[in-house]
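Subject: Structure handover

Hello,

Here is the structure for your files. My notes on it follow below.

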Amino acid sequence: MELAVESPLSAYRAAYDAHDVDALVATLRPDVRLVSPITDRFAFEGHQQLRNLFEDVLATVDEGAHVLDIGDDHTRAMKLVGRIGKQRFAETLLFTLDDDGLIAEIEIFVRPMPGLLTMAAALGPRVARRRGRTRALAVRLMMGPLAAIARGGEPVGSRLAAP
């Protein structure tokens, strides 16, 4: 799916669609900050941390497509839909741009809950792996069951709670 809108984030979208990590990093300020949808205990900062994260995201997300891009020259919101394995998700990305049009900050929100937890279970071990295999295994053992419970329980729970 291609967005027709021309925006300050057109280069970011094109780089994401092409899986071009170098081009993605070129859209960022050197001191860029990404606020995770999974935790508020840390943020990803700087080109190298975001390069690593982009590599992990592009290796994990299937059928990622930007379906909305709105805002002005300093604040933009984009919606991305995709899947990780069989689990679909929707992601809202809030971008803050500097006066040169470079991305200064990205804050991400993901829904539904099974999508968020599947993302955490898929990306968490990849991110932790950069600090050691034991950390990656520990994150996998913590997040995997949560994601499985959410994927299995959400259809039943939503039927029970639906108005």
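Which residues have the most contacts inside the largest nonpolar core? They are Tyr-12, Leu-50, Phe-54, Phe-95, Ile-103 and Ile-106, in a core of 30 residues. A nonpolar core here is a set of buried Ala, Val, Leu, Ile, Met, Phe, Trp, Tyr and Cys residues joined through side-chain atoms within 4.5 Å. Buried means under 20% relative accessible area, exposed over 50%, and partly exposed in between, with a 1.4 Å probe and protein chains only.

First, the basis. This is a predicted model, in which local features need pLDDT of at least 70 and side-chain atom pairs count only at pLDDT 80 or more, while totals for chains, interfaces and linings use all residues. Residues are numbered from 1 along each chain as its sequence is written, and side-chain values use heavy atoms, with hydrogens and water left out.

Helices (H or I, at least four residues) and strands (E, at least two) are DSSP runs, numbered from the N terminus. H3 gives the most, with 5 residues. Beyond its neighbours within four places in sequence, Ile-103 is in contact (heavy atoms within 4.5 Å) with Leu-9, Tyr-12, Thr-27, Leu-28, Arg-29, Val-32, Phe-95, Thr-96 and Leu-97. A second, separate core has 6 residues, among them Leu-117, Ala-121, Met-143 and Ala-147.

Pocket

The largest pocket has a volume of about 860 Å³. On a 1 Å grid over the protein atoms alone, a pocket is an open set of points where a 1.4 Å probe fits, with protein on both sides within 12 Å along at least five of seven lines, and lining residues have an atom within 4 Å of a point. Grid points are joined across faces, edges and corners, and the volume is the space filled by probe spheres set on the points. Of the 35 lining residues, Phe-42, Phe-44, Leu-53, Leu-123 and Val-127 are the closest to the pocket centre. At least two lining residues come from each of H1, S2 (43-45), H3, S5, S6, H4 and H5 (133-161). The lining divides into 25 nonpolar, 5 polar and 5 charged residues; Ala, Val, Leu, Ile, Met, Phe, Trp, Tyr, Cys and Pro count as nonpolar, Asp, Glu, Lys and Arg as charged, and the others, Gly among them, as polar.

Strands

S4 and S5 run antiparallel and are joined by 10 bridges; two strands pair if DSSP finds at least two bridges between them. Thr-75 stands opposite Thr-96 in S5. Their hairpin has 2 residues between the strands, and Gly-85 in it takes a positive phi near 65 degrees. S5 also pairs with S6 in the antiparallel sense, over 8 bridges, with Leu-93 opposite Ile-108 in S6. The hairpin of S5 and S6 has 5 residues between the strands, and there Gly-101 has a positive phi near 85 degrees.

Backbone points to check

Most residues other than glycine have a negative phi, and most peptide bonds are trans. The peptide bond from Arg-111 to Pro-112 is cis, with omega near -10 degrees; Pro-112 lies in the loop between S6 and H4. His-19, in the loop between H1 and H2, has a positive phi near 55 degrees. His-19 counts as partly exposed because its relative accessibility is 44%. Glu-63, in S3 (residues 62-71), also has a positive phi, near 55 degrees.

Regards
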